[in-house]
Each structure stands twice: as structure tokens, then as C-alpha cells.
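Grab a pencil and work through these exercises with the model open beside you. Try each task before you peek at its solution.

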Amino acid sequence: MDKFVIRGGNPLTGTIRVSGAKNSALPCMAAAILTEDEIILENIPQVWDIATQRRLLSSMGAEVRPADAPNSTTIRCRTLSDPVAKYEIVKTMRASSLVLGPLIARTGVARVAMPGGCAIGGRPIDLHIKGLEKMGVTITQEHGYLDARAERLHGAHIVFDKITVTGTEDLLMAAVLAEGETLMENCAREPEVADLAALLTAMGAKIEGAGTSTIRVQGVSRLHGARYRINPDRIEAGTFLVAGAITGGDLTVANCNPEHLSAVIAKLQEAGARVDILGPDSVRVRAGEQLRAAGISTEEYPGFPTDMQAQYMALATQAEGVSVIEENIFENRFMHVQELVRMGANIKVEGRTATVRGPAKLSAAAVMCSDLRASASLVLAALIADGESILDRVYHMDRGYERIEEKLAGVGAQIRRMGNIFPPRDEPADAA
Ligand code: UD1
């Protein structure tokens, strides 16, 4: 299995470019199911989760191939000969459940493996199911699969009990082809929902309010092909901002959307980093005075993202004082803590709260990546640790960061990959 070897101590300087958002690309690829015409998506990141989504669509009968531009993909679901999301694929990526809504809307039947438990908590899909049932879908569960059936979906009034990102996206994709109006309340306001809605609109859907908590959809009988450019990845951008601040460098994060980074930028400024928005698509981060403690509490967008909690914790180990970090979205999302502690961090966890006392001198160690964002946190810690760290199981990182070692090396980090050049031929089996 691939490893990263990282020697800490270099401040990162220069310009680093952000790829397209994985979490936008995944639902946008699933949206291709909704039409028999061609969908061309640009700015798709080359990461494992996207490779898995391609594999999933192909296994159902879609034609998936590279398009004319770099990082672009063409998807055509002329027919869907096998509308089944198989367990072998779903178990490696929970976002596979995003195909449930579009499959049932397009074909009237869907068979989707239930995602199992995963490293960062239970992550049920009960709210997807409940919403689809309100739209007229009959769902049964057998042998680990959900079997969904419907004549034609009808519009419904759906109030989410809890805010869910992929749940909002899944039901939005079902609603666009349903008969009549669907009103969805307490929706996720994440930019990725708005990204998906923009693609669906380009395909002929009638949607109002995406990006707010109330979305109204007028169903149409048919959608057509479209070409769409995926927005930049705000979590990758946020990770780079932390990298610049933690290493005491002078880093420009290019090709990002600063508006999507407001909570992260505000927190980095509160913690003493100098952050300047240079324009509509770039942000500069520099070391300020000594970093100081500033607590975070993860929330749904526009609050501080749970997907940035682990990376921020690496920074908090270097801040003077006590930073209290509250994780409110997922239980069990502190798996990076033990590894950070092994590198010398002073962190105590109680339930959903981690208390970080800093600054702590980090020393290099052999550490194990446990999930996507936990891996990013360990990379950040290794960038400032004394000596050479070895990070094992970097396939977790490869699920969501495009060639991060090349990007970081390009701005002065001493980082190299040991093992196969990404992407390896076979996908990891346990990348939940
Ligand atoms: C998405 C993101 C993930 C991010 C998360 C929260 C993608 C592919 N993934 O995951 O990177 O960390 O949003 O910002 O976009 N829940 C239920 N029932 C459901 C659905 C969710 O109880 O049917 C709960 C979950 O257990 C969790 C919370 O709702 O506690 C939020 O989960 P959700 O927003 O659905 O996360 P994902 O969409 O899986």
C-alpha cells in the first residue's frame, strides 16, 4: 500500500491550485442518469471516489469516457441495462447511494446496496428513503439491498428531520422528473447542492431556491444533455490554507471560491494567520504572529465544515492556549487524534469535544491514515514535525485529494510517495 514520506520544517511558499469539488462531481455524475442524452462535466478531480462513481455508472450500463478537455468526463446513459448499485462498489464509497433518486426517477426501479457502517459514524440513509416514499416510491429491504419501485414519481412536501447533504441531492434529483411540484424544507445549503442544481437547470429542470434551506421544484417530463463545469473544491482549498498558516509560509491558493471559505478564513484570522482575499478566485495566507487558540464547532454550511475539523485540529496543536473543538455532525470523527498525540500533540477527547492545548512541539512518527480528512490532518502535522514521518494507507487521501504530494512539493514541501504512482490499478477494498 502506498505511503507518504514527509520531512517537516519547510514553510510553504508560492501558488497552489485547487481542483474541482469531489462532492459536487459525485452528484453531478449521478445526475447523468436522468437523461438519455450526453452530459459533459468539466473540472472533475482525478481522485478515487470519482473513479468509483465512474465504475458504478458503467456497471449500470452507462457509457463513461474522457471528454475533449483535461479533467473532463462524458457520461451517456442511453439505456440503463442494469439499474443496480452493487455492494462491491457501494461498500467502498457511501456516496454511491446518490444514484437511488435518479435511478428510480428515470427507470421506475432501482436496487441499491445498503451502505454499511463506516469509519466516521453510522451514516444512515433513512431520510433519503423517507423522502422517496413521500414521492410515491415503494421501498423494501432484503439481503442487504434496497429495492425501490414506482410508476411515476409525484411531487411532495418534504421536511427533512435533519439537514443532510446527499439526502437533499438525492431527493432533488428525484423531484426534477416527478409529476407536479415538490417543496423541500430544511435542505442542506452547501455549495455542492447549488452546483448540482445548476447542472440540473442546464439540463432543463425547474428549480428555485437551491443553496437555501427551501427548494421548490416543478417536475418536467424529460431532461436533456448539458455541459457543465464543476466548482472548485472548498475543502481542498481550506486544507491548503491551513498548510500555509501552519508552516508559517506565504501561500496563494488559486482557483478557489473565497465565498465558500468564509467560515474557515474567519477562523484562521481569529487564530492569528494573515489571510487576504486577492480576487474572486484566490486567497493568500501568511504567517502572522504566534498562532493563538480559537475554538470551533462544526456545523452545516455556512458554519465551520466538519470536513475541515481534522485539518484545523492540526493547526490548533500549534496555537497558544486551549482550543475547544466540537464535532456536531458525525460521531466518532476524532480518529486522527490518537495519531496526532503520537506525534506529540496534547489533545483530550470527551464525547464530541476535543480539547487541544498548545503549542506542542511535534516530532515525526510512523502514523496510519484512517479516513479522508484524518489523513489530511496527519499530512499537515507531518509538514511541521521534526524529522521524517511515514504516513501509511494514503489511499484514504487519494479518495479525495488529487495528487496532493505533487501539489505540496510544488510549493516547497518535502513529500514523496512510496509505492505505485497514483492511480493504482485496483481500488482498495476498505475505503469506506
Ligand atoms: C456529505 C459529504 C461529506 C460531509 C457531510 C457533512 C458528500 C459526498 N459527502 O456527506 O463529505 O462530511 O456531507 O457535511 O457530499 N443523516 C441521517 N439520515 C440520513 C442522512 C444523514 O441521520 O438519511 C445524518 C448523518 O448520520 C450525519 C448528518 O445527518 O450525522 C449529516 O450527514 P449528511 O449531510 O447526509 O452527510 P453525507 O451527505 O453522507
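**Exercise 1.** Look just after helix 4: which residue takes a positive phi there?

*Solution.* This is a predicted model. Go to the spot just after helix 4 and you land on Gly108, whose phi is positive, at about 80 degrees.

**Exercise 2.** Work out how many of the eight residues of helix 4 are buried.

*Solution.* Step one: find helix 4 at residues 100-107. Step two: apply the cut-off, since buried means under 20% relative accessible area. Leu100, Gly101, Pro102, Leu103, Ile104 and Ala105 pass. Step three: that's six of the eight, so helix 4 is largely enclosed by the rest of the structure. Step four: see what these buried residues pack against, namely helix 1 (22-31), strand 7 (109-113), helix 5, strand 9 (145-149) and helix 6.

**Exercise 3.** Decide how helix 5 and helix 6 are arranged, and find the residues that make their contact.

*Solution.* Step one: the axes of helix 5 (residues 126-134) and helix 6 (residues 165-175) come within 9 Å and cross at roughly 25 degrees. Step two: angles under 35 degrees count as roughly parallel, so helix 5 is roughly parallel to helix 6. Step three: the crossing is right-handed. Step four: helix 5 brings Leu127, His128, Gly131 and Leu132 to the contact, while helix 6 brings Thr166, Gly167, Asp170, Leu171 and Ala174. Step five: sort them by class, and you get four nonpolar, four polar and one charged.

Key: Residues are numbered from 1 along each chain as its sequence is written. This is a predicted model: local features need pLDDT of at least 70, side-chain atom pairs count only at pLDDT 80 or more; totals for chains, interfaces and linings use all residues. Side-chain values use heavy atoms; hydrogens and water are left out. Axes are lines fitted to C-alpha atoms, for helices over the stretch in contact, and angles run from 0 to 180 degrees between N-to-C directions. Helices (H or I, at least four residues) and strands (E, at least two) are DSSP runs, numbered from the N terminus. Angles under 35 degrees count as roughly parallel, over 145 as roughly antiparallel, 65 to 115 as roughly perpendicular and the rest as oblique. A crossing is left-handed if the near helix is turned anticlockwise from the far one by less than a right angle, and right-handed if clockwise. Contact means heavy atoms within 4.5 Å. Ala, Val, Leu, Ile, Met, Phe, Trp, Tyr, Cys and Pro count as nonpolar, Asp, Glu, Lys and Arg as charged, and the others, Gly among them, as polar. Buried means under 20% relative accessible area, exposed over 50%, partly exposed in between (1.4 Å probe, protein chains only).
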